[in-house]
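Here is a note for a colleague who is meeting this structure for the first time. Please read the numbered points with the sequence and the 3D view side by side.

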Amino acid sequence: MDYSAALDRALGRLHDEGRYRTFIDIERRRGQFPKAVWTRPDGSEREITVWCGNDYLGMGQNPEVLAAMHEALDATGAGSGGTRNISGTTVWHKRLEAEIADLHGKEAALVFSSAYIANDATLSTLRLIFPGLIIYSDALNHASMIEGVRRYGGEKRVFRHNDLDHLRELLEADDPAAPKLIAFESVYSMDGDFGPIRQVCDLAEEFGALTYLDEVHAVGMYGPRGAGVAERDRQMHRIDIVNATLGKAFGVFGGYVAASAKMVDAVRSYAPGFIFTTSLPPVVAAGAAASIRFLKGAGGRALRERHQAQAAALKLRLRGLGLPIIDNGSHIVPVHVGDPIHCKMLSDMLLEQFGIYVQPINFPTVPRGTERLRFTPSPVHGPAETDALVRALDSLWGHCALNRAEASA
């Protein structure tokens, strides 16, 4: 086989379909978020505004987070030195897991290197813990959940997105005595819509199923203490296992699950993705714990209020121009384009002409024909940044003769 030619064909298909992804070399500078410096391919630099980051609240720049990381770095050095079972468990990891458990009102928590690994490792390991487990998975669940459901085989049922009637049909069709788990999300990141947590929990109780909730795009953002949508909706006590990230609203790195002490102990003891992975550096664990503590308090509540106000203002401005936004009530602001080549072109033009950085979202992240630009306003995207974005989008939509309002919700 000509391996080089096969690589050329594979990459060529992505270029032909407008789905080839390029890295944008940017440098975030302390205290200047959402501003950053873009280094062009020719080596020149330009200041840009980041509109697609997942550091939703700017906590990666928070002074209390940075101070905690400096303290841990000076105390312990760079890395953890091993897996959690072999020299890689420190006081910093235990403090972080205690903060997480307290945040979600659970007995225990377990930290992974990412929320992707936490989902994959936990969902797949549950099949080993509960033989014959049937997993019911929302059709729009994240790729990490899908991978975890697939791993090790076993029965799975995929229900139409947020379709409670379909979920009920699937539950009714299976053996009442079989162990069951319903896996879903609180905020679906591409459309920005919410999962029906209360109703899913009702079905879980009726059919004797466990509940597994991914709060990756909600922790820090919703609820009195930032525990997510389940806290906001007063449903945390009905969720058996919570998955979330430390790399979005908390602004650091890593992922976790929180559950009962027995559940966490079983996952810790059986999950290869946990057992054989070097633990987070203590400096990262310290920063994440400080971020959670901050967002639990009054400072976090103020940030969440400002963030929601900024998201609402941006959606109002874009809707006023007739731009095809997808508004499902969350902090995520997708603007429908519907074509991968146009989507990439708009992204490039925003960066080159206006100094606005937003990545195109194409297949397989979203279905073909639903390509979009996905904006994530933050509490520090002020009126000047919003005005610049709105003017730029209005100009480009007219220049490119794109449809307006066809996808507005």
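1. In helix H2 (residues 63-76), the buried residues are Val65, Leu66, Ala68 and Ala72, where buried means under 20% relative accessible area, exposed means over 50%, and partly exposed lies in between (1.4 Å probe, protein chains only). Seen down the axis of H2, these buried residues fall within an arc of 160°, so they line one face of the helix; the arc is that of the directions from the helix axis to the C-beta atoms. On the other side of H2, Pro63, Glu71 and Asp74 are exposed. Helices (H or I, at least four residues) and strands (E, at least two) are DSSP runs, numbered from the N terminus.

2. This is a predicted model, in which local features need pLDDT of at least 70 and side-chain atom pairs count only at pLDDT 80 or more, while totals for chains, interfaces and linings use all residues. Residues are numbered from 1 along each chain as its sequence is written, and side-chain values use heavy atoms, with hydrogens and water left out.

3. Just after H2, Gly77 takes a positive phi of about 95°.

4. What covers the buried residues of H2? The cover includes helix H3 (91-104) and helix H11 (282-296), with contact meaning heavy atoms within 4.5 Å. In H3 itself, the buried residues are Trp92, His93, Leu96, Glu97, Glu99, Ile100, Ala101, Leu103 and His104, and what covers them includes H2, strand S4 (108-112), S11, strand S12 (255-259) and H11. H3 is followed by Gly105, whose phi is positive, near 65°.

5. Strand S10 (residues 209-214) has five of its six residues buried, so it is largely enclosed by the rest of the structure. Six bridges join S10 to strand S7 (residues 180-185), and the two run parallel; two strands pair if DSSP finds at least two bridges between them. Ile182 has Thr211 in S10 as its bridge partner. S10 is also joined to strand S11 (residues 241-245), again in parallel, by three bridges, and there Asp214 has Asn243 as its bridge partner.

6. Ser186, in the loop between S7 and strand S8 (187-188), counts as buried at 0% relative accessibility. Leaving aside neighbours within four places in sequence, its contacts include Leu213, Asp214, Phe194 and Val229.

7. An open sheet of four strands has the order S1-S2-S3-S14, with mixed pairing. Its edge strands, each pairing on one side only, are strand S1 (26-28) and strand S14 (356-357). S1 pairs with strand S2 (residues 35-39) in the antiparallel sense over three bridges, and Arg28 stands opposite Ala36 in S2. Helix H13 (residues 340-354) lies across S2, strand S3 (45-50) and S14, running at about 125° to S3; axes are lines fitted to C-alpha atoms, for helices over the stretch in contact, and angles run from 0 to 180 degrees between N-to-C directions.

8. Three strands form another open sheet, with antiparallel pairing in the order S13-S16-S15. Here the edge strands, each pairing on one side only, are strand S13 (333-336) and strand S15 (360-361). S13 and strand S16 (residues 372-375) pair over four bridges in the antiparallel sense, and Pro334 has Arg374 in S16 as its bridge partner. Helix H12 (residues 298-320) packs on this sheet, touching S13 and S16, with its direction at about 20° to that of S13. H13 packs on the sheet too, touching S15 and S16, and its direction makes about 45° with that of S16.
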